[in-house]
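Trainee: I have a new model to look at and would like to learn how to read its features. Where do I start?

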Amino acid sequence: MKIFFRYLFLRLLIPFVVCLCACTLIWIMADLYGNIDDFLEHKINLLVILRFYSLQIPNMLVQVLPAALLFSTLWTLLSLNRRCELVAFQSG
């Protein structure tokens with residue numbers, strides 16, 4: 001693997017993880033807001049709620065991954081453009 005592909009991969013990985021965590025938290029907060037009445041009505045404890053959302057994460061990742069990848073790609077391209085690294089890549 002060439003060095004600039006590794007560099008681009010690492011430059012994309014950090015924003016991708018941040019965007020994936022942010023999108024996951026937003027999805028969980030929105031779903032929790034919709035289900036809080038049911039949780040309170042049945043007096044479900046915190047461990048059951050955490051288990052419920054941990055089982056929902058694989059299904060949620062299918063919905064969140066495209067948005068997280070789009071945002072992280074835009075973030076990476078803008079940061080590379082800010083420091084004129086895209087011009088250096090094109091000339092190399």
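This is a predicted model: local features need pLDDT of at least 70, side-chain atom pairs count only at pLDDT 80 or more; totals for chains, interfaces and linings use all residues.

Trainee: How many aromatic pairs does the structure hold?

Mentor: Two aromatic rings count as a pair if their centres lie within 6.5 Å. The structure holds 3 such pairs. One of them joins Phe 39 and Phe 52, with 5.9 Å from centre to centre and 75° between the planes.

Trainee: How do I read that angle?

Mentor: Planes over 60 degrees apart count as edge-to-face, so the pair of Phe 39 and Phe 52 is edge-to-face.

Trainee: Which parts does the pair tie together?

Mentor: Phe 39 belongs to helix α1 (residues 3-41) and Phe 52 to helix α2 (residues 46-82), so the contact ties together parts that are 13 residues apart in sequence. The rings of Phe 52 and Tyr 53 also pair: their centres are 5.0 Å apart and their planes stand at 75°, so this pair is edge-to-face too. Phe 39, Phe 52 and Tyr 53 form one aromatic cluster.

Trainee: What is Tyr 53 in contact with, leaving aside its neighbours within four places in sequence?

Mentor: Tyr 53 sits in helix α2. Its contacts, with those neighbours left aside, are Trp 27, Ile 28, Asp 31, Leu 32, Asn 35 and Phe 39.

Trainee: What is the length of α1, and where is its kink centred?

Mentor: A helix can be checked by its span and by its bends. With 39 residues, α1 reaches 56 Å from its first C-alpha to its last, close to the 57 Å expected. Its kink, of about 55°, is centred on Asn 35. Just after α1, Lys 43 takes a positive phi of about 50°.

Trainee: Which residues of α1 are buried, and what covers them?

Mentor: The buried residues of α1 include Arg 11, Pro 15, Phe 16, Cys 19 and Phe 39. What covers the buried residues of α1 includes α2 and α3 (85-91).

Conventions. Residues are numbered from 1 along each chain as its sequence is written. Side-chain values use heavy atoms; hydrogens and water are left out. Rings of Phe, Tyr and Trp (its six-membered ring) pair if their centres lie within 6.5 Å; planes under 30 degrees apart count as stacked, over 60 as edge-to-face and the rest as tilted. Helices (H or I, at least four residues) and strands (E, at least two) are DSSP runs, numbered from the N terminus. Contact means heavy atoms within 4.5 Å. The expected span of a helix is 1.5 Å times one less than its number of residues. The bend at a residue is the angle between axes fitted to the seven residues ending there and the seven starting there. Buried means under 20% relative accessible area, exposed over 50%, partly exposed in between (1.4 Å probe, protein chains only).
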